[in-house]
Amino acid sequence: MLDIIKYYWRWLATVFSFIIFGVGGVLLPIIALPILYCVPATALIREERAHAVIHHTFRFYIAMMRRLGVLSYDIEGESKLKNAQLILANHPSLIDVVFLIALVPNANCVVKGRLAKNVFTRGSIRTAGYIINDNNEHVIEMAADAFLKGHALIVFPEGTRSTPEEKLTLKRGAANIAIRAKAEITTVLIECKPATLTKSDPWYKIPKTKAHFKIQVKDKIDVRTYLAEGPPSVAARKLTADLTDYFNTELILND
């Protein structure tokens with residue numbers, strides 16, 4: 001009986017969390033944008049302030065979900081995210097990006113074009129100047145510009161959420177950014193047990209037990225050795241293969 005009560009409590013808390021996310025996604029730019037544009041500042045400072053607002057909002061959001069009993073989490077190596085440039089993570093759940101932005105105060109992101117049109121996410125994306133994934137060359141140029149500004153760039157190199165129990169298949173976009181922008185890579189391993197909010201799960205379908213997220217920030221990967229591999233396209237192909245092996249090996253070891 002107690003398990004049934006806990007299940008329905010988590011379901012109601014999950015619904016509440018999604019409502020808060022949706023309402024927040026609409027109201028945040030309405031409230032934050034006028035304030036950001038009323039205070040005198042350069043475009044760069046305004047963008048950094050928008051990153052800070054979203055960072056603290058997401059920290060509050062994941063703390064709220066934990067307090068409500070929707071999920072629990074452990075984070076290892078958070079200090080390694082300080083001064084990170086290109087942050088690459090696997091993507092088991094819909095809310096991985098919420099966790100990562102909550103951990104990185106100066107986070108920029110590469111986001112899908114359709115999210116820039118979504119009523120719940122477009123305001124925050126435009127306010128923060130996140131990079132729209134509409135053209136590879138454009139993304140690389142914008143990424144290099146973000147690094148020059150001192151931003152950390154979050155990318156999910158699979159390009160979509162992972163499929164549970166299947167090996168990761170990485171696309172070459174993240175490696176192209178690293179090679180062409182000469183950016184240091186920080187990898188993050190995300191595990192979620194039991195799986196929830198996967199690509200095939202509707203948001204209202206919750207697991208029988210509370211989901212636990214384990215987030216591990218690993219040591220940096222220096223891409224300079226890859227730059228000597230030959231043309232950027234060859235180096236990016238080699239880096240993509242190595243990153244694919246790396247993520248699959250590490251995630252199996254942690255299983």
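**Reading the salt bridges**

Author: Start in helix 8 (residues 232-254). Lysine 238 and aspartate 242 both sit there, 4 residues apart, which is about one turn of the helix. Their side chains meet in a salt bridge, at 2.8 Å from N to O.

Reader: What kind of model is this, and what is the mean pLDDT of the protein?

Author: This is a predicted model. The mean pLDDT of the protein is 90. Of its residues, 99% reach 70 or more.

Reader: Where in the protein is confidence lowest, and where is it highest?

Author: Look at helix 4 (residues 122-128) for the lowest confidence, a mean of 74. Strand 2 (residues 86-89) has the highest, at 97.

Reader: How many salt bridges does the structure hold?

Author: It holds 7. One of them joins lysine 149 to glutamate 47, with the closest N and O atoms 3.2 Å apart. This pair links distant parts of the chain, 102 residues apart. Lysine 149 is in the loop between helix 5 (136-148) and strand 5 (152-155). Glutamate 47 is in helix 2 (residues 43-68).

Reader: Which residues are linked with Lys149 in a network of salt bridges?

Author: Glu47 and Asp145 are linked with Lys149 in that network.

Reader: Why does glutamate 47 count as buried, and why does lysine 149 count as partly exposed?

Author: Apply the cut-offs again. Glutamate 47 has a relative accessible area of 16%, so it is buried. Lysine 149 is at 30%, so it counts as partly exposed.

Reader: Which residue forms a salt bridge with arginine 59?

Author: Glutamate 78 does, and the closest N and O atoms are 3.8 Å apart. Arginine 59 lies in helix 2, while glutamate 78 lies in the loop between strand 1 (71-76) and strand 2. The pair therefore ties together parts that are 19 residues apart in sequence.

Reader: What are the relative accessible areas of arginine 59 and glutamate 78?

Author: Arginine 59 has 37%, so it is partly exposed. Glutamate 78 has 33%, and it is partly exposed too.

Key
Residues numbered from 1 in each chain as written. Predicted model: local features only at pLDDT ≥ 70, side-chain atom pairs only at ≥ 80, totals over all residues. Heavy atoms only, no water. pLDDT = per-residue confidence, 0-100. Helix = DSSP H or I, 4+ residues; strand = E, 2+ residues; numbered from the N terminus. Salt bridge = Lys/Arg side-chain N within 4 Å of Asp/Glu carboxyl O. Buried < 20%, exposed > 50% of the residue type's maximum accessible area, 1.4 Å probe, protein only.
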